[in-house]
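Reader: Hi! I'm new to reading structures like this one. Could you walk me through it?

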Amino acid sequence: MLPAAARLTRGQDFALVVRRGRRAGRARLVLHAMRGDAVAPERERRAEGHGAEQTSPTRAGLGPARVGFVVSKAVGGSVVRHGVLRRLRHVVRDRLPVLPADLELVVRALPPAAEATSAELAADLDAALRRLRLLPEDSPRDPAAGVA
RNA sequence: CGAGCUGGCCGGGCGACCGCGUCGGCGUCCCGUCCUCCACGAGGCACGGGGCGUCGCCGAGGAAAGUCCGGACUCCACAGGGCAGGGUGGUUGCUAACGGCAACCCGGGGUGACCCGCGGGACAGUGCCACAGAAAGCAGACCGCCCGGCAGCCGCCGGGUAAGGGUGAAAGGGUGGUGUAAGAGACCACCAGCACCCCGGGUGACCGGGGUGGCUCGGUAAACCCCACCCGGAGCAAGGCCAAGAGGGCGCCACACGUGGUGCCUGCGCAGGCGUUCGAGGGUUGCCCGCCCGAUGCCUGCGGGUAGGCCGCACGAGCCUGCCGGCGACGGCAGGCCUAGAUGGAUGGUCGCCGAACGGGAGCGCCGCAAGGCCCCCGGGAACAGAAUCCGGCUUACAGGCCAGCUCGUCCG
């Protein structure tokens with residue numbers, strides 16, 4: 001699992017990002033992204049709704065981007081799906097520090113991802129992120145470059 | 001040494017860096033309760049909860065799988081009767097229970113160790129037995145054989161016959177004899193089989209022996225069916241607690257005219273229907289009867305809303321070791337151990353090294369009559385598969401490896 005603060009957990013959030021967010025597809029995955037200004041009212045509502053004290057006070061503004069994963073049965077069986085999920089998770093985790101703090105992201109794996117290595121998944125992820133202009137231009141090689 | 005049988009166990013290893021979850025320790029911050037005080041606040045070596053940081057322990061399987069059985073647990077029901085329905089099927093045990101397991105019996109297979117069996121009943125009844133064949137269930141004359149008649153040489157008609165041929169998964173006891181026109185359990189002897197009776201052994205399935213009988217009476221119950229035994233319903237999205245939904249409508253009063261106070265109604269809205277001593281509707285596994293609950297209303301249709309947190313939730317028919325009882329499944333006693341608990345779902349990612357299977361090659365080094373094996377080099381890179389309330393099983397998938405016992409064959413002593 002990613003750190004709790006960087007996780008997308010509610011089904012509503014997934015639906016919102018997938019339906020309303022901007023999209024970029026690659027051979028092995030599809031990215032759905034939504035910036036904070038669009039999601040902010042939703043966050044405010046949640047923060048004020050009930051128990052404002054239980055939510056971290058930094059939730060609305062600061063904190064890391066929040067990411068969720070979708071790996072359907074079309075990708076493979078349980079073992080294959082979990083393997084893809086784990087590789088994607090580690091690839092995304094390396095990029096968390098350079099992503100905008102108010103970003104909500106859903107990474108959807110496509111069937112070819114089942115055979116892909118972590119390096120291939122990382123390449124697709126970076127390409128999709130760059131297409132959505134979510135990666136800073138002045139950091140050509142992100143922290144993941146160290147292992148790639 | 002070779003071939004095999006059975007049982008049990010394991011199911012990639014090591015390291016570096018980065019990362020996740022539960023629990024615990026420490027530090028820090030926040031909140032609540034309580035207490036104290038110089039009291040719109042502050043403090044506390046009190047209690048509880050949470051965030052962050054850091055350290056430590058632990059963290060997928062033999063099948064976690066299919067979800068096919070059986071239970072634990074939870075809620076509902078418990079008033080029964082009849083008819084349906086489902087399941088199981090040698091015996092005796094084991095077990096919480098089972099459709100599971102063990103031992104044994106019976107039948108079949110194997111030289112053997114062993115293996116396989118959805119193993120009650122076909123004189124309670126009904127049905128079915130394709131194709132082939134003359135005939136397939138109160139059997140049956142196609143060829144053949146025999147007798148008689150006609151015809152006279154081929155043959156035709158009538159009758160007898162299940163010993164022979166042919167068909168078939170199966171043709172209704174087998175062998176030998178008596179007998180006959182030819183034959184036939186028509187009769188006889190032995191054998192097989194069936195039914196009944198007696199004796200002996202075994203808890204029992206059943207086994208062994210003897211006698212009598214008519215001479216023989218097919219298969220199929222995973223066809224209906226009969227017999228015996230068993231079976232309430234739903235399922236952890238069970239169920240419990242909290243939060244939320246959550247406010248709305250109508251009336252009255254007050255005033256700084258939009259708010260406040262108060263009373264009644266309503267647990268989403270709209271529409272339609274039914275009903276409260278002549279009872280809507282619900283429960284009782286299905287149906288009928290009966291019984292119970294029952295108006296704080298109930299039912300149907302359309303549209304809408306909700307599924308956030310905590311508990312359940314991991315000490316259990318638990319695991320390991322030893323001893324005892326038992327052929328065994330298993331049981332008893334003693335000691336020790338605590339061993340995953342996620343919830344968009346942790347148990348991992350990347351890299352390096354070692355590496356089994358498998359593929360290729362050379363030497364003429366070792367073993368061997370030989371096929372081949374060992375050694376050496378290169379390539380290659382690890383099967384099936386991921387907990388979701390928990391146990392006991394079954395079934396299915398699975399690269400390869402290890403251990404023990406046993407059988408058969410060959411050689412040596």
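Author: Happy to! This is a predicted model, so let's begin with confidence. Among the elements of chain A, helix 4 (residues 118-131) has the highest mean pLDDT, 90, while helix 2 (residues 36-49) has the lowest, 37.

Reader: What is the mean pLDDT of chain A?

Author: The mean is 72, and 72% of the residues of chain A reach 70 or more.

Reader: Where does pLDDT stay under 50?

Author: One such stretch is residues 37-62, for which the model has 13 contacts beyond four places in sequence. Over residues 138-148 the pLDDT is below 50 too, and that stretch has 11 contacts in the model beyond near neighbours in sequence.

Reader: OK, and what scores does the complex get?

Author: The predictor gives an ipTM of 0.77 and a pTM of 0.72.

Reader: Back to helix 4. Which of its residues are buried?

Author: Those are Leu121, Ala122, Asp124, Leu125, Ala128 and Leu129. They cover an arc of only 165 degrees around the axis, so they sit on the same side of helix 4.

Reader: Why would residues a few places apart point the same way?

Author: An α-helix has 3.6 residues a turn, so residues three or four places apart point the same way.

Reader: Can we look at one residue in strand 2? Is Ala33 buried or exposed?

Author: Ala33 lies in strand 2. It is buried because it has 23 C-beta neighbours inside 10 Å, and the cut-off for that is 20 or more.

Reader: Which residues is Ala33 in contact with, leaving aside neighbours within four places in sequence?

Author: Its contacts are Gly21, Arg22, Leu103, Leu105, Leu132 and Leu134.

Reader: Switching topic: how many residues surround RNA strand B?

Author: There are 25, and the closest are Met1, Gly11, Ser78, Arg86 and Ser118. By class, that surface has nine nonpolar, 12 polar and four charged residues.

Reader: Which element gives the most to it?

Author: Helix 3 does, with eight residues. Helix 1 (11-20), strand 3 (66-71) and helix 3 (78-95) each supply at least two residues of the surface near RNA strand B.

Key. Residues are numbered from 1 along each chain as its sequence is written. Chains are lettered from A and ligands numbered from 1 in the order in which they are written. This is a predicted model: local features need pLDDT of at least 70, side-chain atom pairs count only at pLDDT 80 or more; totals for chains, interfaces and linings use all residues. A residue is near a molecule or strand if its C-beta atom, placed from the backbone, lies within 6 Å of it. Helices (H or I, at least four residues) and strands (E, at least two) are DSSP runs, numbered from the N terminus. Ala, Val, Leu, Ile, Met, Phe, Trp, Tyr, Cys and Pro count as nonpolar, Asp, Glu, Lys and Arg as charged, and the others, Gly among them, as polar. pLDDT is the predictor's confidence in each residue, from 0 to 100. Two residues are in contact if their C-beta atoms, placed from the backbone, lie within 7 Å. A residue is buried if 20 or more other C-beta atoms lie within 10 Å of its own, exposed if 12 or fewer, and partly exposed in between; C-beta atoms are placed from the backbone. The arc is that of the directions from the helix axis to the C-beta atoms.
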